[in-house]
Amino acid sequence: TQADIAGFALAMTLILSGLIWSDAVQPREPVPVSLLEDSEAVMAIAPAASPAISSELEWAWTALADATRCKSLAILSRNGDVLLQAGLRRRGGGGGGGEAPTPPRLGDIVERA
């Protein structure tokens, strides 16, 4: 009957809320990961950006990095050009060790999206 279904739903709600409030269900602690081992700091702004836009992008990255736990930021234009890549990126992305600096490049997953 409908009363049985309503009673069953209310009973399950009480059981689940009791499990949440009790110590039976505890979230797992996150596993710490070091981002600094295999990464390097980068602040790359598209060469075509005007000085005013460049300063705004630098300000946006500085404000975001200071106010949050954000470690990386990429800003794309509507046509897919990378305007800003700041923060940490995987080593070997070019621009170090006497190599000519490479323009900002995102990973394959972002490029496919």
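Of the contacts (heavy atoms within 4.5 Å) in the protein with a separation of 6 or more, 52% are between residues 24 or more positions apart. The model is predicted, so local features need pLDDT of at least 70 and side-chain atom pairs count only at pLDDT 80 or more, while totals for chains, interfaces and linings use all residues. Residues are numbered from 1 along each chain as its sequence is written, and side-chain values use heavy atoms, with hydrogens and water left out.

**Fold**
- The protein has three helices and three strands, taken as DSSP runs (H or I, at least four residues; E, at least two) and numbered from the N terminus.
- Their order from the N terminus is α-β-α-β-β-α.

**Burial and core**
- Among the 113 residues, 17% are buried, that is, under 20% relative accessible area with a 1.4 Å probe, protein chains only.
- The largest nonpolar core has seven residues: Ile45, Ala49, Leu57, Trp61, Leu73, Leu84 and Ala86. Such a core joins buried Ala, Val, Leu, Ile, Met, Phe, Trp, Tyr and Cys residues through side-chain atoms within 4.5 Å.
- Helix H2 (51–67) and strand S3 (82–90) each contribute at least two residues to this core.
- Leaving out residues up to four places away in sequence, Leu84 touches Met43, Ala44, Ile45, Leu57, Trp61, Leu73, Ala74 and Ile75.

**Surface**
- Accessible surface totals about 9,200 Å², 61% of it from carbon and sulfur atoms (Shrake-Rupley method, 1.4 Å probe).
- Leu16 lies in helix H1 (residues 2–21) and is partly exposed because its relative accessibility is 48%, between the limits of 20% and 50%.
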